Amino acid sequence: MKNAALFLSVLGLLVVVSILPSCSKSSNNNSTKPTLYDSLGGTAMVSDPANSGQMIEKGRLGIRSVVDSAIFVIAGDDSINPYFMTLLAEVTANNFSGFNELSKNLTDFFCVGTGAKDFTYSGLSMANAHNPATNPRISEKVSVNAFNEFIVDVGKAAVKNGLPSNLINSLVVVINSQMSLVVQR
Ligand code: HEM
């Protein structure tokens, strides 16, 4: 029932977002409306539960928690995990170097995309990251169905981490803004 509600809410958003003009960033330049990053806790420093003795921005911790959960949800989702064959083979062999790299890149990407000011994204462009010709770690080009399933999985990860539905909806808007670059077939 909970899953059905989540699915319907994500589906509803997909419909709404797909009729919006392309929006890579929030369109209000001079308003003081908090960004999604602010809503997740912004730049307030908290201790990093994954690295004892270190501090982390609360917004980044929120994003990283959703990203790491999402990687695990996707790993267990047979409809899209074949894209991640390289990563899954590494993790199965107890090698987490690719996981850590992907976690960092995705976290940086979503921090920037949700309004963080203290981080930059230094990974591949979205087009190159999702083309096997330029990123051998992806098994094939992404279909629109796989893209939609990715959103469902990120939604599940966000629910697991206790994000309220308005923030999940904002995250889905950020993800959808990348669709034309990620889906290449
Ligand atoms: C808006 C949605 C998405 C974003 C923002 C995103 C972002 C990223 C980023 C930042 C990377 C790492 C690039 C690098 O290593 O420099 C990556 C890699 C990858 N993405 Fe996506 N992605 C999205 C959707 C998808 C979808 C829908 C799929 C497939 C269903 C997918 C499959 C992959 C795979 C297989 C990799 C390589 C993972 C690895 O390093 O082992 N992505 N993506």
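Student: How many helices and strands are in the protein chain?
Tutor: The protein chain has nine helices and two strands. Keep in mind that this is a predicted model.

Student: In what order do the elements run from the N terminus?
Tutor: The order is α-α-β-β-α-α-α-α-α-α-α.

Student: OK, confidence. What is the mean pLDDT of the chain?
Tutor: The mean pLDDT is 88. Of the residues, 83% reach 70 or more.

Student: And where is it below 50?
Tutor: Over residues 1-28. That stretch has 20 contacts in the model beyond near neighbours in sequence.

Student: What share of the chain counts as buried?
Tutor: Of its 185 residues, 28% count as buried.

Student: Let's do the core. Which residues of the largest nonpolar core touch the most other members?
Tutor: Val66, Ala70, Phe110, Val154, Ala158 and Leu171. The core has 31 residues.

Student: Which helices supply at least two residues each?
Tutor: α2 (36-39), α3 (58-75), α5 (97-114), α7 (144-160) and α8 each do.

Student: Take Val154. What does it touch?
Tutor: Val154 touches Val66, Ala70, Leu171 and Ile175. That leaves out residues up to four places away in sequence.

Student: Leu171 again. Which residues of α8 are buried?
Tutor: Leu171 is one of them.

Student: What should the span of α8 be, at 1.5 Å a residue?
Tutor: Helix α8 covers residues 165-176, twelve in all, so it should span 16 Å. Its end C-alpha atoms are 16 Å apart, which agrees.

Student: Switching to the ligand. Which residues come nearest?
Tutor: Leu87, Gly123, Leu124, Phe150 and Gln178, out of 23 residues around the ligand.

Student: Which helix gives the most to that shell?
Tutor: α5, with five residues. Helices α4 (85-92), α5 and α7 each supply at least two.

Student: How does the shell split by class?
Tutor: It has 16 nonpolar, six polar and one charged residues.

Student: Now Ser125. Where does it sit?
Tutor: Ser125 is in the loop between α5 and α6 (126-129).

Student: Buried or exposed?
Tutor: Ser125 counts as exposed, because it has 12 C-beta neighbours inside 10 Å.

Student: How far is Ser125 from Leu181 in space?
Tutor: They are 8.9 Å apart, C-alpha to C-alpha. In sequence they are 56 residues apart.

Student: What about the phi of Asn94?
Tutor: Asn94 has a positive phi of about 70°, although it is not a glycine. Most residues other than glycine have a negative phi.

Student: And where is Asn94, and is it buried or exposed?
Tutor: Asn94 lies in the loop between α4 and α5. Asn94 is exposed, since 6 other C-beta atoms lie within 10 Å.

Student: Last one, Ile56. Which strand is it in?
Tutor: Ile56 is in strand β2, residues 55-57.

Student: What does Ile56 touch?
Tutor: Val46, Asp48 and Leu61, not counting residues up to four places away in sequence. Ile56 and Val46 are 5.5 Å apart, C-alpha to C-alpha, and ten residues apart in sequence.

Student: How many C-beta atoms lie within 10 Å of Ile56?
Tutor: There are 18 others, so Ile56 is partly exposed.

Note on methods. Residues numbered from 1 in each chain as written. Predicted model: local features only at pLDDT ≥ 70, side-chain atom pairs only at ≥ 80, totals over all residues. Helix = DSSP H or I, 4+ residues; strand = E, 2+ residues; numbered from the N terminus. Expected span 1.5 Å × (residues − 1). Buried ≥ 20, exposed ≤ 12 C-beta atoms within 10 Å, placed from the backbone. Core = buried A, V, L, I, M, F, W, Y, C linked by C-beta atoms within 7 Å. Contact = placed C-beta atoms within 7 Å. Near = placed C-beta within 6 Å. Nonpolar A, V, L, I, M, F, W, Y, C, P; charged D, E, K, R; others polar. pLDDT = per-residue confidence, 0-100.
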